[in-house]
Amino acid sequence: MTKQNKSALNSNIDFIQLKLYDFFDEKIDQEKIISKRLNKTPNFENTNHKLFLDENNTFKYDNPICPVCGSHKIIKKGTIKKNKQNTNGKTTEFKEQQYQCKKCGKKFGIYNNPLIGENKQFLQEIMDKIPGIMKIGYQSLRKISKYFEIFLGIRISHQTIKNWSDKNHEESISNEKFEYSGYYLYDEQFLRLNGTRHYRLTLFDAILNIPVTERIVRRRIPKNTKKFILESTENKPLICLTTDLFPMYRNIADEIGVKHQLCIFHLFQTINHKLKVYCRRNKINGKQRDHIYENAQELKNCFRQNSKKEAIEQFKQYLQKYTAIPVVLKDFIRKHIINHFHRYVEYLDDENIEKTSNKVENYYRQTNPEKIKKIYKTKNGILTFLDYQMQYWTEKHIKIK
């Protein structure tokens, strides 16, 4: 007799109860649905997270469950003694209950104990003090080790502290998932890793007053900056970008297709610097010098109007007296202002747009000041430190809309 293979699902099950999401396909595939349900990995309730400490200083599960088969038929299988140093510099002795499943024979013990952590010598409460130390500012690993020895009487090697504090960062760190505003500041800060120049890229939310993402790159090129901004704002609103006057940012903003506000503070600072150098080189003093600075003040007033339209009208009136404008200002206006005037006054028609990049500059001064720019050895090391700084800044400064 010829053997015939028959589908057990089709031949032995008369009907199945469908769920709403089963109707997404145009045609109901009964065998596919049954197979998917039967081969689904069981999701056992993780009651093993509920610990208690008995009178004998033994950690036990409140309601143990087998991590393999999900059975509640569990028997005790002895205890394991452990000794850990506590914050008083003394040793804490305790036990951990061990179990065995009667159904599948799996032996297991206490895992993910929040009081112990993954280290072998110290309690978790000691490890938890390291982020707090790193959040308040840069401290070398050896200094942190010395703090533990002085204040807690605990000797911890700097390598152990590094192992506790290090996080695995590929190239970026990101803040928590807030509802970001879409109004951002962008800036870059140079630093040295093991003597080699790198750049710290930062996207900062102007409304929430917190960093969104940071990245360390080797080269300051448009490709890196554009990629960083696009990846940082993926699935987030992107309305306006405020930057300093670096020419590369204008092209990037145009390619992305976002409003671009150039920093007014940097504009005024640049004008003042050019006037100072010009007057010193040409030995200009007295009334001539006063005339140059008065004319520069008229130019600055063009960017202090109540609306973008008024600013444009004021700038046109200023240019009507073109012959009276000092040469040093004529060159600057022709090269840096006329073609990009609208980028300096976007903020006048939208109060959410930051007219300066001062917020991100202040963030840099507090999280990575000039004196510690050159002390890092690895990218992961600087990103770990900046990650703690990002958390600390966010806790202190966030402004929820």
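Trainee: In which helix does Cys 279 lie?

Mentor: Cys 279 sits in helix H9, where a helix is a DSSP run of H or I with at least four residues, numbered from the N terminus (a strand is a run of E with at least two). You are looking at a predicted model, in which local features need pLDDT of at least 70 and side-chain atom pairs count only at pLDDT 80 or more, while totals for chains, interfaces and linings use all residues. Residues are numbered from 1 along each chain as its sequence is written, and side-chain values use heavy atoms, without hydrogens and water. The name to look for around Cys 279 is helix H9.

Trainee: Is Cys 279 buried or exposed?

Mentor: Look at its relative accessible area: buried means under 20%, exposed over 50% and partly exposed in between, with a 1.4 Å probe and protein chains only. Cys 279 has a relative accessibility of 5%, so it counts as buried.

Trainee: Which residues does Cys 279 contact, leaving aside neighbours within four places in sequence?

Mentor: Contact means heavy atoms within 4.5 Å. Arg 289 is 10 residues away from Cys 279 along the chain, with 7.0 Å between their C-alpha atoms. With those neighbours left aside, the contacts of Cys 279 are Ile 284, Arg 289, Ile 292 and Tyr 293.

Trainee: What span should helix H9 have at 1.5 Å a residue?

Mentor: H9 covers residues 264-281, which is 18 residues. The expected span is 1.5 Å times one less than the number of residues. The C-alpha atoms at its ends agree with that expectation, because they are 26 Å apart and the helix should span 26 Å.

Trainee: What covers the buried residues of H9?

Mentor: Start with the buried residues themselves: Ile 264, His 266, Leu 267, Phe 268, Ile 271, Leu 275, Val 277 and Cys 279. Their cover includes strand S11 (259-262) and helices H10 (286-301), H12 (327-337), H13 (341-344) and H14 (358-367).

Trainee: How many residues are in the largest nonpolar core?

Mentor: A nonpolar core is a set of buried Ala, Val, Leu, Ile, Met, Phe, Trp, Tyr and Cys residues joined through side-chain atoms within 4.5 Å. Leu 267, Leu 299, Phe 303, Leu 329 and Ile 337 have the most contacts inside the largest one. Beyond four places in sequence, Leu 329 touches residues including Ile 271, Leu 275 and Leu 299. The size of this largest core is 66 residues.

Trainee: How many salt bridges does a search of the whole structure find?

Mentor: A salt bridge is a side-chain nitrogen of Lys or Arg within 4 Å of a carboxyl oxygen of Asp or Glu. One network of them links Glu 171, Arg 215 and Glu 231. The number for the whole structure is 9.

Trainee: Which strands hold Glu 214 and Arg 200?

Mentor: These two form a salt bridge, with their closest N and O atoms 2.4 Å apart. The pair ties together parts 14 residues apart in sequence, because Glu 214 lies in strand S9 (residues 210-217) and Arg 200 in strand S8 (residues 196-205). Glu 214 is buried at a relative accessible area of 0%, and Arg 200 is buried at 0% too. The strands are S9 for Glu 214 and, for Arg 200, S8.
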